[in-house]
Structures are given as structure tokens and as C-alpha cells.
Amino acid sequence: MRMTQALIRTMKETPSDADIPSLIFGLRSSIINKLGSGLYTLLPLGLKVVRKIETIIREEMDKSGAQELLLPILSPAELWQESGRWDIYGKELMRIQDRHDRDFALGPTHEEIITHLVRSLVKSYKELPLNLYQIQTKFRDEIRPRFGVMRAREFVMKDAYSFHRNEESLRETYQVMFDTYTRIFKRCGLKFKPVLADSGAIGGDVTHEFTVLAQTGESVILYCEDNSCGYAASSEYATGNIAPFTENTLKSADSMEKIHTPNLKTVDEVSAFFKVQPQTLIKTLLYKINDTVTAVLVRGEREVNEAKLQKAFTTPFVELADEKTVNSVTNAAVGFAGPVGLSIPVYADFSLKTLDAGITGANETNYHYKNVVLNRDFSINSFIDVSTALAGDSCIKCGKSLAVCRGIEVGQVFQLGTKYSKAMNATFHDENGEEKPFIMGCYGIGVTRTAGAAIEQSHDKDGIIWPYSIAPYHIIILPLNMNESGIVECAEQLYSQLTQDGYEVLLDDRDLRPGVKFKDADLIGIPIKIVIGKSFLNDKTVEVKKRIDGTTVQATIDHLPVTIRQIVNELKADVYE
């Protein structure tokens, strides 16, 4: 492709509403164009990247034995009502009505439709297992679309669904999909971690997220510092062994004492007032859980993990109690709640199990209790794992320390079980003729999100650094003087030869200053740059430069094919291991 013919309109300035690298460089390099909030056009450069990711996905999914189909984007509300998700999914579900006032959803995911399809077509255990996938446009009515294609209202996704006769078959396919995803993201040239995760609105008992490592990522990952251990989990799911707090100056032998603490509500304020560490505080939060107001206790430096709280109470919803409820239950303003004297269920995080004595709200505005002791001054229903794990906690597998990194979720695999098949009466007949619900798995990859994550992970101040396998073009040729016939002839010769050799080549045939061409080449992020300038006129050599590290070599025209092959082999070998 020639730059004079290509729809590539680079931008010098960063758009005012662009706040992360994938959006900044996506807009500036002509990868995407913004239509509206959460809506982006994939321009030719961006579509080439997405198509290459799709090709990798198709090749690996087909190799795994999955079959591709294409499901409707529009799904009847009745299917969502069958599964119970019409109300549960929330406002992110894009709902519309047709001219007959019938309700439909624009699919954010397709569990309902695929379950309906398979229950209509598959009747016997002899037809199982079955794994079906599609690459499809999805819709989510995000409350605050942001970060470009990372959290958009419309996006491209690969979703697959497997159907099984038993749990053993599901586990086998789940492992096949786990391995398939590992190959896909390696082939895309990404550094990533598969992590244990919470299943969220999709449901299921076991799930892993595939997370591209990037400092701008929304996901927080806790992982074992010992690489041989392999433990890694999202912050919503991670569990660590919490070390006892050994610097506590309070003693259980001392009596509980009420202290006046005017307008001191936060952990930092209260711990500073008492001259103690935050770990000494017993933080009390009131939640509405299954229509019951419940007190949840965590150690002062910890936060309640609501995903864990939902799991502990096997409920899809937990809600922090409002101010009116807190006032009614505690007879105090928000910020002064404590477990002493409460007449509601009380659950404590394991972090409090070894706390000898602590400080809590006194259920009286502007007062706290000092030297509060469990089982002497208050009691609990039970201990539960409900706090967010922190760096420095001990790994539950090997006991080494946990560390923290950030990442971007680009894929997730789920063991769904019978969540949808039971709700939608999707059954098959086993070898004894008995009717059984399908056991299901679900496997998703955000295709456009993967393209955005690649930019987030691999860029510098000048622009994108595409992995070779998903770059829109492999090579960009930069003739630095379009008025010099020898340079132009060389550029045309190389363009023709390299294209014939199977490389995707972009020729910058614009009559512009060299500096502009260099900046645009770096911004777009093509892996290999061939510069034809004065050195060609002097000694018939061209400069070959790698975008990833800036290293350059001089090569004659005759030796250039060998040089390019060597560099390409290096770039292909530079895959995450």
C-alpha cells in the first residue's frame, strides 16, 4: 500500500479527551476514529490489526476442534427471562423494542441464544462434547464508556460455548481451551498472565482471566513471587494468608473503654487519634444481603471485597447500607458503627482472627470503644474470607510472598456447569435414556480489546510498537527525497520485491520532509523501517531499523532480503514465554 493512496491521517496533537496510550495513539495514528461516546470506527490500519488477531484466533480454535458459526446479534427477551438474566444483568444490557413493542436485547454475550440452539438440535449423549464459537459484534450500555476500545459500547468479541455429558468432559475441554488461549496470546506477541477470577454475571464455579500486563490496566493481579508456584488471581478472587498483627499495643486483659472522638470517622483519623497502627482498628460496614442488614468486620488496613462477599452468601447482589439504614441500626452517624451491642448478624474477616484487642465504633456519634475483645465484648456468627488480598500476604499454595501488578483482561474461560441448561430446560438423553441437563463451558476473547491492550503494553513516547504478528504492515519504506530519481527507483524496486516475497509493505511515497515521515512511521508502529537516503546515493546501502528497540543495520540492496529475513526471524522468536 502506498501512503498517497491510503486512508491514513495522522495527528500531531493529542485529542483533549484521550487519556490512555491506546486511545491517544489509536486516534493519532489513524487506527480508530471516534464517532460518539464509546463508539469507534476501525480505520483500515486498525481493521488490519483486528483481522490478524481474528485469524490467529480462528486457526487455534479450529485446531482445538471447535466449530465456527454466527449467531444473531438481536435476541428475544424471552430467552433472557428464561435464564433469569433479563433483570439480573442490569442496565448494561442494551434493550430495544420492535414495532410490535416486543422486547429484545443487543447481545453483550450469547449464552441464552446458544443454549436455545443446542437444545433444539442436540438430543443424545452421542453428539457430545460439542464446542461452538463465533466472532461477533457485541453491545454493552456502559454507564461511562472510556478508554477507547478498552471499554466501548460496541466491540468485537470471540465467544465459544461447549456442551458436555459430565463434569469430566467439561474439565477436559476447559483445559484444551486454556491451552488454546495460551497459544493465541503468545502468537499475538503479548506478555500475559492467566489468573483465577470471579465469574461475575456470566456465572460458573471455575474461571480464569487472561490478563495482558500493563501499568494502565484496570485489573489488579495478586501473584506469587515464586515463579515455579504459578499462583495468580484477580484482586476480586485472590486469597492470601494474612500475617498476625504483632505491633498491637492494646491488651485483651484491659477493660473496654468508651472514648470521645469528635468528628473522627476514617481509619486514618481514628488511628492517628489513638496513636496506633490501622491494623488495630476493627472496621465495621453494614450491608444489605438477601434483604437482611448484616455487619461485616475487617481489619483497619483492609477493604471488604464485595465479590467475595457475594460468594460467601451465594447471592448475586450485596449493597452497602445507606445512611438512613445505618442510623436506624446503630443509632449513630455513619463512621461510628461497631459490633458491640448490635442485634443483627455479624461476620468477621479472617484477618481479625488473631487480633488480641482492637478499636471500634461505639454505635454512638463521636465515640469509639478502645480495648474491644472478640467473645468478651461482642460475638460473631462466623469468620469468612471477605477482605481484598494485599501485596505481602503469603501465597496460599507455597507460603511465599504475594506481589501485585496491573493488567487488562482480554479473555476469560468459565466452567458454567448447568446454570443455563437447567434454567432453560436444555437437556439430552444419556446412555440409559435418562434426560439430563447439558453441562456447559464458556470461553471469550475481546478482539478489539486485545488490539487496544497490545498498544497499552507496547508503546513509547513516539507511538505504537506493534508485535510483528498483528502489525498492520510488516515493513515501511521511507524514501527521504521524492525528487531524487535514484532514491525513488530504489524504493519502487524494494516495494515490488518485498511484496513478492510475502511481506506486507507500506511505501511512504509522500513528498514530505524526512522528519515528518520518521515521526509518522514511529507513530504507526510498523516493526521494520527501511530508510533510503544519502547513504544509498553514496554507497548503495539502505538503513534497516527495528521499531521495538531502535537498532539499525546498513545493508546493500543485494543483501537486503537476507537482512530482512534475519530481523523477521528475530521478531517472530521474540514471543512471550
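Is Val276 buried or exposed? Val276 is buried, with a relative accessible area of 14%. The structure is a predicted model. The chain comes to 15 helices and 33 strands. Of its 577 residues, 53% are buried.

**Overall build**

- The C-alpha trace spans about 95 × 65 × 50 Å along its principal axes.
- Among contacts in the chain with a separation of 6 or more, 70% are between residues 24 or more positions apart.

**Val276 and its surroundings**

- Val276 sits in the loop between helix 7 (267-274) and strand 15 (282-289).
- Beyond its neighbours within four places in sequence, Val276 is in contact with Thr249, Ser271, Leu281 and Ile359.
- Val276 and Thr388 are separated by 112 residues in sequence. In space, their C-alpha atoms are 22 Å apart.

**Ser387**

- Ser387 is placed in the loop between strand 21 (382-384) and strand 22 (394-395).
- Ser387 has a relative accessible area of 3%, so it counts as buried.
- Its side chain makes a polar contact with the side chain of Asp349, at 3.0 Å.

**His208**

- His208 belongs to strand 10 (residues 206-213).
- The relative accessibility of His208 is 16%, and it therefore counts as buried.
- What does the side chain of His208 make a polar contact with? The partner is the side chain of Tyr174, at 2.7 Å.
- Leaving aside neighbours within four places in sequence, His208 touches Tyr174, Phe178, Val195 and Leu196, along with Gly411, Gln412 and Val413.

**Helix 1 against helix 11**

- The axes of helix 1 (residues 21-28) and helix 11 (residues 447-457) come within 8 Å. They cross at roughly 100°.
- That angle falls in the range of 65 to 115 degrees, so helix 1 and helix 11 are roughly perpendicular to each other.
- Helix 1 makes the contact through Pro21, Ser22, Leu23 and Phe25. Helix 11 contributes Gly452, Ile455 and Glu456.
- By class, the residues in this contact are four nonpolar, two polar and one charged.

**Cysteines**

- How many disulfides does the count come to? The count is zero.
- Cys395 is in no disulfide. Its nearest cysteine sulfur belongs to Cys229 and is 3.7 Å away. The cut-off for a disulfide is a sulfur pair within 2.5 Å.
- Cys395 counts as buried, because its relative accessibility is 1%.

**Backbone exceptions**

- Most residues other than glycine have a negative phi, and most peptide bonds are trans. The next points concern residues that depart from this pattern.
- Asp101 has a positive phi of about 65°, although it is not a glycine. Asp101 is found in the loop between strand 5 (94-97) and strand 6 (103-106).
- Asp101 has 57% relative accessibility, so it counts as exposed.
- Asn371 is not a glycine either, and its phi is positive, at about 65°. Asn371 lies in strand 20 (residues 367-372).
- Is Asn371 buried or exposed? Asn371 is buried, because its relative accessible area is 5%.
- Leu128 and Pro129 are joined by a cis peptide bond, with omega about 0°. Pro129 is in the loop between helix 5 (111-121) and strand 7 (130-139).

Definitions and conventions. Residues are numbered from 1 along each chain as its sequence is written. This is a predicted model: local features need pLDDT of at least 70, side-chain atom pairs count only at pLDDT 80 or more; totals for chains, interfaces and linings use all residues. Side-chain values use heavy atoms; hydrogens and water are left out. Axes are lines fitted to C-alpha atoms, for helices over the stretch in contact, and angles run from 0 to 180 degrees between N-to-C directions. Helices (H or I, at least four residues) and strands (E, at least two) are DSSP runs, numbered from the N terminus. Angles under 35 degrees count as roughly parallel, over 145 as roughly antiparallel, 65 to 115 as roughly perpendicular and the rest as oblique. Contact means heavy atoms within 4.5 Å. Ala, Val, Leu, Ile, Met, Phe, Trp, Tyr, Cys and Pro count as nonpolar, Asp, Glu, Lys and Arg as charged, and the others, Gly among them, as polar. Buried means under 20% relative accessible area, exposed over 50%, partly exposed in between (1.4 Å probe, protein chains only). A polar contact is a pair of N or O atoms within 3.5 Å; within protein, one must be able to donate a hydrogen and the other to accept it, and residues adjacent in sequence count only if both atoms are side-chain atoms.
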